[in-house]
Amino acid sequence: MTMAQITSPGPAQLLKFVREFGLTLTVVVLFTTLVLLIAGAPPLDAYFYILKGSLGSWVKISHVLKTWVPLTLCGAGLLYTFRIGLWNIGIEGQVMMGAVFATLTLRLGLNSQWPMWFLGLSFAAAALGGGLWALIAGFLKTKGGVNEIFAGLGMNFVAQGLILWLIFGPWKRPGVASMSGTEIFPQSLWLPYISSLRLSPAAIALAVTAVLITAVMLRYSRIGLCLKAIGGNSQACVLYGLTPTHFMLLAMMFAGGFAGIAGCLQVSGVYHRLLPAISSNYGYLALLVVMLSNYNVWVVPFVAFFFACLNVGSIQLPMMLQLDSSLAGVIQGALVLATLAVSAWRGRRAKIFEAQTQEAVAK
Amino acid sequence: MQKNLKQALIAICVAACIVAFATGVASAAKEQFKFGLLLVGPYNDHGWSQAHYEAGHYVEKNVSGTQMIYIDKVNPADRPGVTIPQLVDDLVEKGAKLIIANSDDMKDGTREAAAMHPDVKFLHISGDDVLTGKSGKNLTNLMGRMEYGKMMAGFAAAMTTKTGKIGYLGPLVNEETRRLAASCYLGARYAWEKVLKKDVKDLKFQVTWIGFWFNIPGVTADPTQVAQNFYDTGYDVVISGIDTTEAVVVAGQKRNEGKKVWAVPYDYVGACDGASAVCLGVPYFNWGPSYTELIKEAMGGSWSPKWLWYGPDWKNINDPDTSTIGFVYGAALGDDAKSALNTFIADLGTGKLNLFKGPLSYQDGTEFLKTGVSATDKQIWYMEQLLKGMDGQSSAK
């Protein structure tokens with residue numbers, strides 16, 4: 001199955017998906033356990049601490065959700081570009097540009113009487129920033145014939161450079177030259193949150209809305225159908241009067257817009273300032289999330305939640321077992337590789353099955 | 001029958017008492033004072049973070065009933081998406097009653113976490129939130145008077161240099177790093193003018209900042225390259241102001257290539273280990289005694305928010321139980337320099353010598369201290385620029 005050939009799943013298909021996911025998970029657990037044993041760590045303890053560290057209390061779950069929101073937003077955005085057959089590696093930079101545009105807007109609201117207006121405006125600005133940044137990569141692809149993977153990677157570096165320059169230059173703290181980040185915003189410009197739970201309802205609402213919009217757009221709208229058609233065969237669709245380049249740009253803008261909003265949340269909801277690592281690698285991570293979800297919009301939030309649990313829970317490893325927390329990355333990477341391996345194995349099996357059937361028919 | 005019942009009741013009561021007592025004893029023994037330690041760098045960096053990590057162990061050893069939970073590499077580059085309030089939530093859930101945040105980079109996050117956990121005590125190292133009144137009752141600031149250690153570092157460097165060119169490998173630019181670089185320069189200038197009787201114009205003191213407390217590839221300037229560049233352009237002594245050991249490592253490599261170069265590392269008492277050919281000595285922090293004092297206060301209930309700036313114990317600056325700032329002589333320090341440094345340290349200790357005394361000018365020529373005027377603590381803490389005679393950036397361009 002290629003990424004564009006997605007049909008709505010029936011019960012049999014869902015069962016197959018669950019079965020394959022189970023198989024993948026087993027492979028990953030075996031592999032991770034092996035890694036842990038080689039590192040000389042007790043695997044059961046490690047899994048237990050990750051579980052407890054991510055779901056052990058309400059506050060922990062809130063911290064997981066704080067990671068889940070930007071992952072889900074990026075994942076939703078990537079569904080558009082994957083649907084049309086584009087690899088939007090530039091999503092990381094699009095998160096960063098969202099953060100930059102959000103910071104710019106919030107800075108304008110620093111001494112304002114209506115901070116809430118600027119907070120709201122910052123989301124629009126961030127979506128615009130991310131969208132425009134994605135559009136540049138899109139134009140490079142459609143007009144310049146530059147592969148979107150290289151264009152996106154390049155744009156990521158440019159975005160990072162821009163952030164470093166802003167932090168060290170125009171947006172520096174008074175008297176300070178530090179890569180720590182910009183001056184922290186006053187609390188009036190923070191995204192409101194329930195303090196006992198450390199939870200921002202607005203952020204959760206944004207992520208849920210993004211998933212719903214994406215589901216409706218991709219499944220029920222004309223745009224969604226066109227994206228799918230072009231993703232399936234970009235030459236043939238011209239016969240139906242579709243212009244692939246227009247839809248590619250559109251898909252890029254959607255992806256960039258959602259990523260930009262994720263960047264805005266990183267600024268206004270998490271760090272309350274701009275810093276070099278503002279994107280927290282969520283863009284790259286979201287690519288894995290979407291691949292692992294088999295490009296299915298309803299699966300993305302769950303895989304994103306699982307990845308968020310790993311990210312938050314893995315901090316327990318250095319704290320409790322003096323292990324490096326990069327194990328979370330090992331598990332995530334292994335998951336994706338195992339998924340690809342299982343899907344390749346499935347493809348081969350299907351081919352063999354097909355060949356056997358044809359042979360049988362011929363006889 | 002009734003007698004039996006009575007006996008049985010008594011037996012049960014006795015047993016219950018024993019069990020209650022035993023569990024009481026057990027829980028009293030189990031009830032430890034846990035403290036959390038957030039380290040900005042790796043716990044074994046041979047620099048800033050290791051000094052804190054070992055102080056945590058010092059407390060565990062010297063204050064009975066204490067237990068440390070630490071987490072290292074607490075910075076957005078090493079742990080993407082992880083915030084200080086999030087880690088503090090976790091440590092508090094684990095039972096920590098006091099949290100130590102060891103970096104300037106954690107200032108805002110620590111303040112935020114302290115507001116969320118009014119019952120937990122916070123110790124923020126190197127900050128000034130208590131001075132500025134931005135923090136609540138549960139936060140204390142602690143810093144060491146490393147200015148003295150840096151003066152000794154500068155002194156040793158100037159006594160050793162053959163080219164008269166000293167490089168300072170600086171982290172980021174802020175008030176703390178400005179005053180520390182300036183202290184180095186003051187020590188170097190004193191040795192150059194007063195001990196070696198040379199013209200101050202022949203002393204070159206260049207400060208190059210990398211942009212953060214340690215190397216973050218792609219974000220900061222690479223300290224290894226900065227150090228190499230110093231040695232390749234005639235600077236024969238490099239003083240480190242960053243959390244990690246690049247200066248002394250590069251010096252060792254250059255020495256193996258046959259260059260006559262030296263380095264002065266920073267922060268950690270063992271930073272010279274393995275670099276005896278090039279290491280002139282190391283000014284270091286010894287956080288153990290001050291940690292002990294503050295943790296005992298928190299345990300005893302006598303905690304109050306303070307802004308503390310502890311200096312060396314001049315009776316013996318290397319006493320591990322009393323001195324917050326120390327200086328270990330390196331094997332590469334010459335005998336003449338050593339004896340001159342002994343006198344220098346003694347004079348600093350008695351107060352005979354005060355290098356933060358006017359006339360002193362800022363880098364752009366504006367007056368910092370009038371003739372004969374000694375700087376107050378606040379004037380030193382909040383230095384606005386580097387000093388006249390130093391090359392390098394005073395603040396962000």
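Guide: The lining of the largest pocket comprises 12 nonpolar, 9 polar and 16 charged residues. Here Asp, Glu, Lys and Arg count as charged; Ala, Val, Leu, Ile, Met, Phe, Trp, Tyr, Cys and Pro as nonpolar; and the others, Gly among them, as polar. The model is predicted, and totals for linings use all residues, whereas local features need pLDDT of at least 70. Residues are numbered from 1 along each chain as its sequence is written.

Visitor: What makes a space a pocket?

Guide: On a 1 Å grid over the protein atoms alone, a pocket is an open set of points with protein on both sides within 12 Å along at least five of seven lines; lining residues have an atom within 4 Å of a point. The largest pocket holds about 840 Å³, a volume being the space filled by probe spheres set on the points. Among the 37 lining residues, those closest to its centre include Glu183(A) and Lys107(B).

Visitor: Why is the largest pocket said to lie between domain 1 and domain 2 of chain B?

Guide: Both domains give residues to its lining, so the pocket lies between them. The domain bounds come from an automatic or database domain assignment.

Visitor: How do you know that β5 and β11 of chain B are joined?

Guide: Two strands (DSSP runs of E, at least two residues) pair if DSSP finds at least two bridges between them. Strand β5(B) has 4 bridges to β11(B), and the two therefore count as paired. In one of these strands, β11(B), Tyr310(B) is the bridge partner of Gly144(B).

Visitor: In what order do the strands form the open sheet?

Guide: The order is β2-β1-β3-β4-β5-β11 in chain B, with parallel pairing. Strands β2 and β11 of chain B each have a single partner strand, so one side of each is left without a neighbour in the sheet.

Conventions
Chains lettered and ligands numbered in written order. Predicted model: local features only at pLDDT ≥ 70, side-chain atom pairs only at ≥ 80, totals over all residues. Heavy atoms only, no water. 1 Å grid on protein atoms, 1.4 Å probe; cavity = no way out; pocket = protein on both sides within 12 Å on 5 of 7 lines; lining within 4 Å.
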